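Let's ask where each one comes from.

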Amino acid sequence: MDTFEAIRTRRAIRAYDPTYRLGDAELVALLHAARHAPSAFNIQHCRYVVVKDPALRADLRKVAWDQPQVTDAAVLVVVCADMAAWKKDPARYFDGAPMEVRDQMAGMIRDYYMGREQVQRDETMRSAGLAAQTLMLAATARGYQTCPMDGFDYDAVGKLINLPADHVVAMFVVIGRATQAALPRVGALPDAEVIITDRFPA
C-alpha cells in the first residue's frame, strides 16, 4: 500500500474478530518496522510487550475499562519505554561506528540527559509515539486494522506486566481484523487553524 494511502486509511478500530490469528512471522515483520522509527540519539527507548497469554489479556482488559479490543484483537502490544536507556552503556547505540564517534556520542548523551528528568521522560514518550504510529501504519499497509489505546489504569498495567521501575507504559496498540467499518471522519479543523507559517499571530 502507498504510504499516503496507509496514512489516509488508518483508523482507530474497536471491534475485532476474536477468532483471527496473526502469524508469528507477520507479527515480527510489523515489530521490525516499528523499530525503524526514529529515537533521539538512536537510544531506542521503546520496549514492545507482546501479550499472548489469554489470562493476562483478560486481566489487562479488566483494568482497561473492559474494552473488548484488549482481548478480541489478534495482537495486543503494550508500548513501553526505558527512561534510563540514556545511561545504559550509551556507546552501544553506535556500535559499528569509529571509536571516536562512539565516545563522542556517549558523552553528548550523558550531557544532554543527566539531571534532566523531564527531558528523560519527554524523550521516551516522543519515541514511543513515533514507534506506535509506525507500527500502526505498517499494519495498515498490510491490510490490518489497529487502535492506539490509553484508556487504562497505568499503574495496574505496570504491575501486571512486571514493568521495571525505570520504565513507563506509553500506550497499547491492538492489531487485527475489524468486524465493523470505521465511523465517518468528522470534526476536522480547518487548515488555517492548525497550519501556521513562521509564528503564531500576536
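What follows is a set of questions and answers about the labels used for this chain.

Q: What should I know about the model and its numbering before we start?
A: This is a predicted model, where local features need pLDDT of at least 70 and side-chain atom pairs count only at pLDDT 80 or more, while totals for chains, interfaces and linings use all residues. Residues are numbered from 1 along each chain as its sequence is written, and side-chain values use heavy atoms, with hydrogens and water left out.

Q: What makes up the chain in terms of helices and strands?
A: The chain has eight helices and four strands. Helices (H or I, at least four residues) and strands (E, at least two) are DSSP runs, numbered from the N terminus. Going along the sequence, the pattern reads α-α-β-α-α-β-α-α-β-α-β-α. The C-alpha atoms fill a box of roughly 55 × 50 × 30 Å along the principal axes.

Q: How do you know that the span of α6 agrees with its number of residues?
A: The expected span of a helix is 1.5 Å times one less than its number of residues. For the 25 residues of α6 that should give 36 Å, and the end C-alpha atoms are 36 Å apart, so the two agree. After α6 comes G143, with a positive phi near 95 degrees.

Q: Why is D82 called buried?
A: Buried means under 20% relative accessible area, exposed means over 50%, and partly exposed is in between (1.4 Å probe, protein chains only). D82 has 2% relative accessibility, so it counts as buried. In the chain of 202 residues, buried ones make up 40%.

Q: Why are R47 and K88 called partly exposed?
A: R47 has a relative accessible area of 28%, so it falls in between the two cut-offs. K88, at 30% relative accessibility, counts as partly exposed too.

Q: What makes F152 and F172 a stacked pair?
A: Rings of Phe, Tyr and Trp (its six-membered ring) pair if their centres lie within 6.5 Å; planes under 30 degrees apart count as stacked, over 60 as edge-to-face and the rest as tilted. The centres of F152 and F172 are 4.1 Å apart and their planes are at 10 degrees, so the pair is stacked. F152 is in the loop between β3 (145-149) and α7 (154-160) and F172 is in strand β4, so the pair ties together parts 20 residues apart in sequence. Both F152 and F172 are buried.

Q: What puts R116 over the face of Y112?
A: A charge sits over a ring if NZ of Lys or CZ of Arg is within 6 Å of the ring centre and within 35 degrees of the ring normal. R116 lies over the face of Y112, at 4.9 Å from the ring centre.

Q: What makes a nonpolar core, and which residues touch the most other members of the largest one?
A: A nonpolar core is a set of buried Ala, Val, Leu, Ile, Met, Phe, Trp, Tyr and Cys residues joined through side-chain atoms within 4.5 Å. In the largest core, of 23 residues, L22, L30, V75, L135, V173 and I175 touch the most other members. The largest share of this core, seven residues, comes from α6.
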